[in-house]
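Please read the points below alongside the model.

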Amino acid sequence: MAADLSKYRNIGIFAHVDAGKTTTTERILKLTGKIHKTGEVHDGEATTDFMDQEQERGITIQSAATTCFWDDHRFNIIDTPGHVDFTIEVYRSLKVLDGGVGVFCGSGGVEPQSETNWRYANDSKVARVIFVNKLDRLGADFYRVVDQIKEVLAAKPLVLTLPIGIEDDFVGVVDLLTRKAWVWDESGDPEKYEIQDVPADMVDKVEEYRNEMIEMAVEQDDDALEQYLEGNEPDIDTLKMCIRKGTIALDFFPTLCGSAFKNKGVQNVLNAVVDYLPSPTEVPAQPEMDLEGNETGEFAEVDPGQPLRALAFKIMDDQYGSLTFTRIYSGTVKKGDTLLNTFTGKTERVGRLVEMHADSREDLDFAQAGDIIALVGLKNVQTGHTLCDPKDAATLEPMRFPDPVISIAVEPIDKANAEKLGVAIGKMVKEDPSFHVETDQDSGETILKGMGELHLDIKVDILKRTHGVEVTVGAPQVAYRETITQRIDDSYTHKKQSGGSGQFAKIDYIIEPLPEDSEADNFEFESKVVGGNVPREYWPAVQKGFRLSMEKGVLAGFPMLNVKVTLYDGGFHAVDSSAVAFEIAAKAAYRQTIPKAGAQLLEPIMKVDVFTPEDNVGDVIGDLNRCRGIITSQDTTPTGIRVKAEAPLADMFGYIGDLRTMTSGRGQFSMEFERYSPCPKNVSEEIIAKAEAERLAKQK
């Protein structure tokens, strides 16, 4: 039995830290009858924040998926984290959603993380409704936030509701479409509201915003526009049709207001999701690729009758085993089916299918195109892998994840913990693609790599609490990189011809910095050999030798970035030449030439966004300058000053402590990786000396 997909809404709720995403999700679940007692984030009792670490810190760390029903529509909702270190969770959730609700704080407005998430949503082309929350708070101003959405996000808000009263006097909203006021009583019960006429002192404002809304909406439909220009106002159904069309086309974003905490205005958001956000059939179909990653021209149409195409977007471990959260794009999947994982080339058997409600679940017999469900019992599936019909293989566009910029060394406190550490880390790496783990061959230490201090903090916490592994933690380390600045033309001959089969390879090559417009990531190899001096079958060996060498730079052993190698001539021996000989020649050539090519150290530069009360702005700017920061902008907001800067990660460790001291605990900041940039001479000398000392210590 096929479900009516036009009644499905796959939506995510995303915003800056503390704008009220999780509270909004709680209210939605309460209104849709999924939960009976509402949990509060600040009491550590929210339904979707079920990890210990989330409840203590009052923040969301991992996206939680849940299903509920409103007005005979089925909502699959994902509550995503707002904290910058977990942006990856937002990115991968947006990838599988059809629509989103962007929550903005009525007093904080458009904050740094909302910008990043908005940018991700633009990249993923996700239609959104905006909810300006917390209008009961001190300093809240709906109209100012609407202006910020225009200026900071360069987005077009289509205002659908206006607030009645503000701060303590906020009692409800006016629905511009119907010209009716929704007024809630003081009981805090979302069901207790009355529909009244617009308050007399708001009539002019309502008409002004209503006309703006109609003008923006009718542009979507030629007939409606023509009627409107002739002086006939379109009816509500026509207006809704126009708004829906414009929202799905990303021409504008329906904007509503309220206070989730006080239960005011949430129904209007749910109605807007039903009325304006797309169903799975109304978003562009996912392009299919062949196993080499080339587009085939086919699309995964949202149709239960098509071959199965599904994307695993999140792995979560719990007491019942590994859960693989999956968005089904086309086809159906049943309990006991065998699916092909196109990334590993192996098949997986589906043990159980479950529909998630935060951390409780309901078993299903089958699921179909448009569903977001969790599969139990898959062994080797990771985030971004495509699951498909083994008889009809295709892959969907894989997800790309940023490289980590910070690392710490951890060591288990005894042998019993050492055994548990390996298993725990294996599970954690599967769950979070932005978390990498390596073992240092020389020292035997385990190195954890992540997106920021908080990210690694939480990982160590999860090791201790969830997996019961006690570790000692080293100081955080910066992920430096190396590069070259000059072009060098060089030659290398590898000869070993004493007894037995010999080895011979000669290469003439140019090593130079990668040009700015290059599409290659960090390494490009080109062969211009003509006349067969280096036979074509040896070119890949030369490329491999150089590429493997790039993992260790010559200054301090950090990975190399932005190098282009051009092979233009060489020589070979009919008997003694082999691919191995050419690979060895390339590795030796790398060691010979890179030191001559003006090698230089690069450090990660972070985009820092600091919020500070006005009295402390001088101290904060002085302190950022001390951290080698460059101030890029300074904006006054009603509650303080936002300072944007760029600063090297190395000088930003423990910054939150300094900021709290300077601002008596009122300052906030967030930072994200911006780019790699050359290290100043004194810094790079220090790092190279340290790396040399460590190398000598290991030799002893």
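1. Ile631 stands opposite Ala645, a residue of β37. The strands concerned are β36 (residues 630-637) and β37, which run antiparallel and are joined by seven bridges. The model is a predicted one.

2. Is β37 enclosed or open? Of its nine residues, eight are buried, so the strand is largely enclosed by the rest of the structure.

3. The next sheet is open and has four strands in the order β31-β32-β34-β33, with mixed pairing. Its edge strands are β31 (488-496) and β33 (523-527), each of which pairs on one side only. From one strand to the next, the twist averages 25 degrees. β31 and strand β32 (residues 503-513) are antiparallel and share nine bridges. Within this pair, Thr493 is opposite Lys506 of β32.

4. Helix α13 (residues 579-593) lies across β31, β32 and β34, and runs at about 40 degrees to β32.

5. A further open sheet has three strands, ordered β13-β12-β24, and its pairing is antiparallel. β13 (295-300) and β24 (395-396) are at the edges with a single partner strand each, so one side of each has no neighbour in the sheet. Strand β12 (residues 286-289) pairs with β13 over three bridges, in the antiparallel sense. Pro287 has Phe299 of β13 as its bridge partner.

6. Lys391 belongs to the loop between β23 (386-388) and β24. This lysine, Lys391, is exposed, with a relative accessible area of 79%. In sequence Lys391 and Leu340 are 51 residues apart, while their C-alpha atoms are 8.7 Å apart in space.

7. How do α6 and α8 pack, and at what angle? Helix α6 (residues 203-218) and helix α8 (residues 236-248) meet at an angle of about 65 degrees, and their axes are 8 Å apart. The crossing of α6 past α8 is left-handed. On the α6 side the contact is made by Met213, Ile214, Ala217 and Val218, and on the α8 side by Leu239, Cys242 and Ile243. The residues of this contact divide into seven nonpolar, no polar and no charged.

8. Leu250, in the loop between α8 and β11 (253-257), has a phi near 65 degrees, a positive value in a residue other than glycine. Leu250 is partly exposed, at a relative accessible area of 25%. Ala154, in the loop between α5 (142-152) and β6 (157-159), likewise is not a glycine and has a positive phi of about 50 degrees. Is Ala154 buried or exposed? Ala154 has a relative accessible area of 66%, which means it counts as exposed, the cut-off being over 50%.

How values were computed:
Residues are numbered from 1 along each chain as its sequence is written. This is a predicted model: local features need pLDDT of at least 70, side-chain atom pairs count only at pLDDT 80 or more; totals for chains, interfaces and linings use all residues. Side-chain values use heavy atoms; hydrogens and water are left out. Two strands pair if DSSP finds at least two bridges between them. Helices (H or I, at least four residues) and strands (E, at least two) are DSSP runs, numbered from the N terminus. Axes are lines fitted to C-alpha atoms, for helices over the stretch in contact, and angles run from 0 to 180 degrees between N-to-C directions. A crossing is left-handed if the near helix is turned anticlockwise from the far one by less than a right angle, and right-handed if clockwise. Contact means heavy atoms within 4.5 Å. Ala, Val, Leu, Ile, Met, Phe, Trp, Tyr, Cys and Pro count as nonpolar, Asp, Glu, Lys and Arg as charged, and the others, Gly among them, as polar. Buried means under 20% relative accessible area, exposed over 50%, partly exposed in between (1.4 Å probe, protein chains only).
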